[in-house]
Amino acid sequence: MNVTQQPRIEIDDEDRVAAALASLQQARHSDLRLECVATGERFDIEHFAIAGNGERITLDLTAEGLPRERFDAGVRLHASLGVEALLFSGISVHAFLIENEPAELVIAKPERVHVSNKRESTRIRLARGMRALVQLQAYEDRNPVDARLMDLSLGGCGIEIELQAGMLLSAGQDVFALFIEFPNGTRASLPATVRHVQLAERNGHAYVGFAFARRSDVSRNGVVQWLREMEREIAFRAGQGNTHLMQPSQLFLGGPESRVSIRLNRQEHQPPTNSTPMVASLRRVAHVLGDTAIALRQERTPPIERLYESADTLCRLLAENRSEFLYALCCLPEQPPLIQHCIAVAGRLADLVQAEDILARNQRDITVAALVHDLGNVLAAGAHTASSDPLITDPSSPAASHVDLLTALGPAASWAAGGARRAIVERLNTPADQLPEAPASVAVDLLARAAYIADMVDVMSRGIGDREPKAPLQIFRELYHACNEDDRRWLERYMKRHGMYPIGSLVHYSSGFLAWVLRLGEDGYPSRIRVVRDVGGQRRLNQILDRADFGQVGTIERAGLPQRFGVTPY
């Protein structure tokens with residue numbers, strides 16, 4: 001697919017480049033963005049400073065989850081100035097200070113600037129309150145996925161889409177169709193190619209940049225008209241000019257009952273309010289896993305250092321308060337199922353291996369391996385992967401999706417890290433008849449069995465493919481009868497640590513109330529619960545009860561399935 005390329009004038013005169021930078025610093029609005037040369041990712045720059053007699057520039061940017069080496073290959077700067085679009089290139093990076101708040105990127109002065117007509121190349125970002133729907137159809141035999149239009153130019157657009165769909169797109173991929181629809185019903189399909197994929201600022205979402213293919217004058221003129229209308233709407237909302245004469249754009253007239261508003265309201269759901277500070281920490285871990293999944297899909301080096309920091313976070317939270325940690329593992333509903341699963345397995349396995357000294361010493365490496373154990377499925381996904389596929393490997397029928405993942409992770413930094421990868425990443429994803437014939441070491445064998453139990457319990461609780469999700473007691477019974485003697489020992493340890501009604505599970509009380517288990521007593525039964533629904537009256541509740549107050553809800557009748565009642569922990 002041919003992608004539109006706009007003509008630019010290149011200027012490499014040192015004084016003129018410096019003058020262009022100085023003009024940006026003086027301008028009220030320059031729409032400055034940073035582009036990572038290695039990955040194509042773009043970041044908004046709210047503030048920058050020129051220092052060292054113009055030899056050094058400091059940029060403030062949001063960099064949560066980014067590795068320190070992300071910009072080592074260099075950067076570019078995009079900006080607009082009046083009717084001109086500017087692209088600064090030939091920029092080396094001095095330092096990336098991720099420990100600062102906000103993070104600071106220190107760069108050298110650019111060697112050159114490219115100037116082009118603003119109308120041809122500058123994107124226009126939708127202001128607050130301006131909404132447009134994008135429906136992305138990656139393959140011909142798939143239903144479109146809803147997304148939000150973030151910016152538009154004559155050459156392409158940027159969208160915000162749920163991470164589950166965004167992390168499966170690859171740079172250079174031609175999508176089957178990209179539909180843009182405005183609130184007044186104006187709608188068009190534009191052939192497009194993925195340019196770059198990165199995490200969005202909104203949790204659980206990805207930002208995807210597209211380039212439009214060369215197209216007819218009719219469709220080109222349509223985009224030009226949209227850009228004019230967007231500029232009109234932005235000016236109207238900003239109160240520029242004579243407000244008696246300036247009218248809002250017709251594109252954005254539709255109200256809350258328009259199809260665009262209804263679909264975007266559904267897509268732009270907000271995560272539930274945190275019930276514990278640990279959830280915020282786990283969302284940062286999810287952010288790193290999302291960045292890792294995108295890096296793998298785009299054939300970039302995964303952020304190994306940040307993965308180890310995430311493992312440290314899980315181990316620290318577990319040590320601080322085990323009950324709150326286990327409950328927080330269940331409170332990430334806005335994340336893709338794959339990332340929810342990887343975090344849940346990593347957290348519960350970190351807890352389980354404490355029962356075995358030979359494994360407890362290597363808890364950190366074990367947790368890292370568990371965090372990434374199913375991310376190879378992102379690499380293996382393609383046109384054959386259903387949009388509803390959660391990408392979680394069923395341990396009872398593994399599909400060897402780990403090979404490319406292990407290659408992408410690179411050599412293990414230690415014997416312990418290598419053993420953890422063999423036991424968790426390799427053995428959980430390799431069919432039994434394809435496992436190495438040589439016996440594993442005692443530690444690897446123990447860890448593989450522990451990981452199998454932690455993984456299988458989570459998979460069975462979610463339900464994969466055409467399998468229905470199961471309640472904890474049913475899972476324990478089925479696994480107990482299916483396991484061999486060695487696996488059964490780990491299952492018994494797991495059951496002893498988690499009880500028949502594990503923390504984070506839903507229970508149905510005799511008086512008709514549903515409650516989440518928050519804490520277990522020494523007897524292994526719930527000692528603290530969060531009552532969330534009166535099934536008989538269909539009332540939604542939020543009341544925390546300790547064991548002394550359980551008389552208000554009666555006795556436990558059975559475990560409940562969250563999927564059946566449409567509830568999630570929070």
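Contact here means heavy atoms within 4.5 Å. The model is predicted, so to speak of local features takes pLDDT of at least 70 and side-chain atom pairs count only at pLDDT 80 or more, while totals for chains, interfaces and linings use all residues. Residues are numbered from 1 along each chain as its sequence is written, and side-chain values use heavy atoms, with hydrogens and water left out.

**View 1. Helices α6 and α7 meet along their sides.** Helices (H or I, at least four residues) and strands (E, at least two) are DSSP runs, numbered from the N terminus. On the α6 side, look for Met-278, Ser-281, Leu-282, Val-285, Val-288, Leu-289 and Thr-292; they meet Arg-306, Leu-307, Ser-310, Thr-313, Leu-314, Leu-317 and Glu-320 of α7. Sorted by class, that makes 8 nonpolar, 4 polar and 2 charged residues. (Ala, Val, Leu, Ile, Met, Phe, Trp, Tyr, Cys and Pro count as nonpolar, Asp, Glu, Lys and Arg as charged, and the others, Gly among them, as polar.) The axes of α6 (residues 277–297) and α7 (residues 304–320) come within 10 Å and cross at roughly 155°. Axes are lines fitted to C-alpha atoms, for helices over the stretch in contact, with angles running from 0 to 180 degrees between N-to-C directions. The two helices are therefore roughly antiparallel; angles over 145 degrees get that label, under 35 is roughly parallel, 65 to 115 roughly perpendicular, and the rest oblique. Their crossing is left-handed, meaning that the near helix is turned anticlockwise from the far one by less than a right angle (clockwise would be right-handed).

**View 2. Helices α16 and α17 make another left-handed crossing.** Here the axes of α16 (residues 472–482) and α17 (residues 485–498) come within 9 Å and cross at roughly 160°. That makes α16 roughly antiparallel to α17. From α16 come Phe-476, Leu-479, Tyr-480 and His-481, and from α17 come Arg-488, Leu-491, Glu-492, Tyr-494 and Met-495. The contact has 6 nonpolar, 1 polar and 2 charged residues.

**View 3. Four strands form an open sheet in the order β4-β5-β9-β8.** The pairing is antiparallel, and two strands pair if DSSP finds at least two bridges between them. At the edges sit β4 (47–51) and β8 (93–97), each pairing on one side only. On average, neighbouring strands are turned by 15° against each other, direction ignored. Strands β5 (residues 56–61) and β9 (residues 103–108) share 6 bridges, and Leu-59 faces Leu-105 in β9. Helix α1 (residues 14–26) lies across β4 and β5, at about 135° to β4.

**View 4. Strand β13 pairs with β14 through a hairpin.** The hairpin connects them through 3 residues, and 4 bridges join β13 to the antiparallel β14 (residues 156–162). Leu-152 has Cys-157 as its bridge partner in β14, and Leu-152 also stands opposite Ile-124. Strand β12 (residues 133–137) joins β13 by 4 bridges too, again antiparallel, with Gln-135 partnered by Asp-146.

**View 5. Phe-182 and Trp-226 form an edge-to-face aromatic pair.** A search of the whole structure turns up 7 aromatic pairs. In this one, the rings lie 5.0 Å centre to centre, with 65° between the planes. (Rings of Phe, Tyr and Trp, the last by its six-membered ring, pair if their centres lie within 6.5 Å; planes under 30 degrees apart count as stacked, over 60 as edge-to-face and the rest as tilted.) Phe-182 sits in the loop between β16 (177–181) and β17 (187–189), and Trp-226 in helix α4 (residues 217–238), 44 residues apart.
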